[in-house]
Amino acid sequence: KATVSVLYWLLLHSIHMGYPIDVKNGDETLTIDAEESWSVPEFKKAIEAKTGIEAAHQKLTVGGKVMKEVKHLSDFPATKKQHVNLISSGAPKSLPLKEGEDGGQRQQVDSFFSHIIKMIESNKQAQEFKEKYGKEVPDTTELQEALGIDGVESAKKKALDELTKILEGNWTPFDVYIDPFRSYAKKLLGENIEHEKRNKWIEKAVKMVLKKLTEYPEVRKQIEEHTKPGTDLIEELIPVAKILMKRAMDLFLDGPSPTYPDHPKFSDQMRLLTVTSVGAVMDVCCSCLDEGKTQCQELMAKLCGAIIEKLTEKMPEYTTLFAFAGPMAVMQMINWHEEFEGSFKATWNK
């Protein structure tokens, strides 16, 4: 009799508490037979069992809400009606670029840097620019000495070393190198760069981008397919982009602003500007899309996949690197957007 009672209870439990949840990962959809009492970590483990994507590298959203670790499925009734969005980094939080830790990964990044340099050197427009303005560009000897580099290989090594620190959350390398770069930029652009001149440069840059977009009408058409009727995402982004470009230019040329006393160092304000830029742009995108944040994150994942596919077609030797870094970048942007919403959204444009 006791056994029958237990079985009956399990049957009722499965009927009332268990239900299928659709999980969307890019273009793929899988179904997880879940229980309402599961915690989010338990749900992630079930996803891991089906996909092989480690729970630590999963980010889940449903109905525009992030499914945080401390919650249970019962806290998200939307899972019974809507699919859950899975965005996966598919990789550790930072690239293993330190020498001696993972030489193969670092070697691939190093090789990719060399590939990019060769592409720039062989680019027709870059060559024309060099021929036209090469003599007007100030000598870089003093800059290289200040940066502690000697040639391309030395610059690559230092860039990889410092990139590792930044990926680990240490932005202080910007404090070390900003003064030499700022000094060189002022030689290049002129010692006294008035704000009016900076605004003209920004207006010119925006016009160039808009002109370039007219050459790719299919891009604008794809954007319009996902936005709310009567909404022009590009036009909505322009004023935000201008503000952010001006802040970046002012920070680079003038140094840290006293407007942000809680972020006194250049590296502090550089990180603040990065988080604000990503957050503000994503916020505009979310407001223009039919399904808001959920759709924005889905489109980011799809765009990332499309870019990786194109890059691997052209440079198949870097397939592993692209597959590693692309999703990680998407995850980082989503995290920055959440930080923006929680800390800076109300005041960023005051």
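Colleague: Is the crossing in which α12 passes α13 left-handed or right-handed?
Modeller: The model is a predicted one. In it, helix α12 (residues 292-314) and helix α13 (residues 319-343) have axes that come within 10 Å. Where α12 passes α13, the crossing is right-handed.

Colleague: Is α12 roughly parallel or roughly antiparallel to α13?
Modeller: The axes of α12 and α13 cross at roughly 160 degrees. Angles over 145 degrees fall in one class, so α12 relative to α13 is roughly antiparallel.

Colleague: How many nonpolar residues does the contact of α12 with α13 have?
Modeller: On the α12 side the contact includes M300, C304, I308 and L311, and on the α13 side it includes F322, V330, M333 and I334. By class there are 5 polar and 2 charged residues. The nonpolar residues number 10.

Colleague: How are α8 and α10 oriented to each other?
Modeller: Their axes come within 10 Å and cross at roughly 140 degrees. Roughly antiparallel would need an angle over 145 degrees, and roughly perpendicular covers 65 to 115. The two helices, α8 and α10, are therefore oblique.

Colleague: How many charged residues are in the contact of α8 with α10?
Modeller: α8 passes α10 in a right-handed crossing. R198 and E203 are among the α8 residues that meet α10, while K242, K246, D250 and D254 are among those on the α10 side. The contact also has 11 nonpolar and 2 polar residues, and its charged residues number 6.

Colleague: How is α7 oriented relative to α10?
Modeller: Helix α7 (residues 173-189) packs on α10 at about 100 degrees, with the axes 8 Å apart. An angle from 65 to 115 degrees falls in one class, so α7 relative to α10 is roughly perpendicular.

Colleague: How many polar residues does the contact of α7 with α10 have?
Modeller: I178, F181, R182, A185 and K186 of α7 touch L251, F252, L253 and D254 of α10. By class, 6 of the residues are nonpolar and 3 are charged.

Colleague: Which residues does L213 contact, leaving aside neighbours within four places in sequence?
Modeller: L213 lies in helix α8, residues 195-214. L213 and I234 are 21 residues apart along the chain, and their C-alpha atoms are 9.8 Å apart. Beyond the neighbours in sequence, the contacts of L213 are V219 and I234.

Colleague: Is E136 buried or exposed?
Modeller: E136 sits in the loop between α4 (124-133) and α5 (141-147). Its C-alpha atom is 8.3 Å from that of L188, 52 residues apart along the chain. The relative accessibility of E136 is 60%, and because the cut-off is 50%, E136 counts as exposed.

Colleague: Which element of the chain has the lowest mean pLDDT?
Modeller: The chain averages a pLDDT of 80, and 86% of its residues score at least 70. Residues 6-16 stay under 50, with 4 contacts beyond four places in sequence. Where pLDDT is low, the predicted coordinates should not be read in detail. The highest mean, 94, belongs to helix α11, and the lowest, 47, to helix α1.

Colleague: What share of the residues of the chain count as buried?
Modeller: The chain has 13 helices and 5 strands. Of its contacts with a separation of 6 or more, 66% join residues 24 or more positions apart. Among the 350 residues, the buried share is 34%.

Technical notes. Residues numbered from 1 in each chain as written. Predicted model: local features only at pLDDT ≥ 70, side-chain atom pairs only at ≥ 80, totals over all residues. Heavy atoms only, no water. Helix = DSSP H or I, 4+ residues; strand = E, 2+ residues; numbered from the N terminus. Contact = heavy atoms within 4.5 Å. pLDDT = per-residue confidence, 0-100. Buried < 20%, exposed > 50% of the residue type's maximum accessible area, 1.4 Å probe, protein only. Axes fitted to C-alpha atoms, helices over the stretch in contact; angles between N-to-C directions. Parallel < 35°, antiparallel > 145°, perpendicular 65-115°, else oblique. Left-handed = near helix turned anticlockwise from the far one by under 90°. Nonpolar A, V, L, I, M, F, W, Y, C, P; charged D, E, K, R; others polar.
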